Amino acid sequence: MISKRIEEIINLLDRCNTLADIGCDHGYVAVEAIKREVAKKVFAVDINLKPLLKAKELSKKENVDNKIEFLLGNGFDPIEEEVGEAVIAGMGAENICDILSRAKDRISNTTLILQPMKDVELLRKWLFENGFDILKERVIKDKNRFYVIIKSCYLPERISFSDKDIYIGRHIVDRREETYEFLLKMKEKMEKIINMKKKSFIDTLHEEKILTMIEEELKKW
Ligand SMILES: C[S@@+](CC[C@H](N)C(=O)[O-])C[C@H]1O[C@@H](n2cnc3c(N)ncnc32)[C@H](O)[C@@H]1O
């Protein structure tokens, strides 16, 4: 059975002709996208051979291997055509930003589903600064861990964004229980960081600003 996290990633996909699953690992996204007819063809890419073989095995077991092309390489590098959608999930935001930077000129017509394991604010900042708007964000809790999933696409016109869009995100508008819990957790984390820094006499102005944004948001619930 696939996890709630993978399920939410698939739910955010639109129907498309070609999907890239970058860093496919086990191949769950690639296989499910074909099985559910979300994509007609998938490029499953991984920088390591072992996961790629694992994904291939799963696709054979599920009888969808004829619709998935398995490619060894870094990010979008081994894909020779423009894809309609791309999933980059389960890695750090810094790695996701590197992958996007390498492919910046070839993803202006690609809808991106991105799920960083950490530093989501880095990813939001990269997207806004590089002309990608955030269309949707979902916060989900799966096995006691929170995940933020972002749907994004390139916009030719200049994007305006605030610090709140970077540090809190636009997902807060959805008013779901999981999002509220996530905000509380962010508040707790920020308070811990501030306390630690204060003990070491390190300036906490930046963190206090983020904490105020979180508290203001929580007050609206
Ligand atoms: C933790 S797994 C996540 C798998 C899956 N996407 C998910 O969300 O469950 C990360 C995978 O990304 C691959 N990976 C890391 N950096 C990559 C890159 N630059 N290009 C392609 N694959 C990469 C790793 O080899 C690994 O299999």
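**Ligand site, pocket and cavity in a predicted model**

Modeller: Of the 17 residues around the ligand in this predicted model, Arg5, Gly23, Asp46, Asn74 and Gly75 come nearest.

Colleague: Which residue has a polar side-chain atom 2.6 Å from an oxygen atom of the ligand?

Modeller: A polar contact requires a pair of N or O atoms within 3.5 Å. A polar side-chain atom lies 2.6 Å from an oxygen atom of the ligand, and the residue that carries this atom is Asp46.

Colleague: Which element supplies the largest share of the shell around the ligand?

Modeller: Helix H1 (4–11), strand S4 (85–91) and helix H4 (93–102) each supply at least two residues of the shell. By class, the shell has six nonpolar, eight polar and three charged residues. The largest share is three residues, and the element that supplies them is S4.

Colleague: In which pocket does the ligand sit?

Modeller: The largest pocket has a volume of about 640 Å³. Of the 22 residues that line this largest pocket, the closest to its centre are Val120, Glu121, Phe182, Met186 and Lys189. The ligand, however, sits in the second largest pocket.

Colleague: Which element gives the most to the lining of the largest pocket?

Modeller: The largest pocket has a volume of about 640 Å³. Strand S5 (111–116), helix H5 (120–129), strand S7 (145–154), helix H7 (177–199) and helix H8 (205–219) are the elements that give two or more residues to its lining. The lining residues divide into 12 nonpolar, two polar and eight charged. With six residues, the element that gives the most is H7.

Colleague: What is the volume of the largest cavity?

Modeller: The structure holds one cavity of 30 Å³ or more. The largest cavity is lined by Phe76, Ile79, Glu81, Glu82, Val83, Ala103, Arg106 and Ile107. By class, its lining has five nonpolar, no polar and three charged residues. The volume of the largest cavity is about 40 Å³.

Methods: Residues numbered from 1 in each chain as written. Predicted model: local features only at pLDDT ≥ 70, side-chain atom pairs only at ≥ 80, totals over all residues. Heavy atoms only, no water. Near = heavy atom within 4 Å. Polar contact = N/O pair within 3.5 Å; in protein donor to acceptor, adjacent residues only side chain to side chain. 1 Å grid on protein atoms, 1.4 Å probe; cavity = no way out; pocket = protein on both sides within 12 Å on 5 of 7 lines; lining within 4 Å. Sits in = over half its atoms within 2 Å of the grid points. Helix = DSSP H or I, 4+ residues; strand = E, 2+ residues; numbered from the N terminus. Nonpolar A, V, L, I, M, F, W, Y, C, P; charged D, E, K, R; others polar. Points joined across faces, edges and corners; volume = space filled by probe spheres on them.
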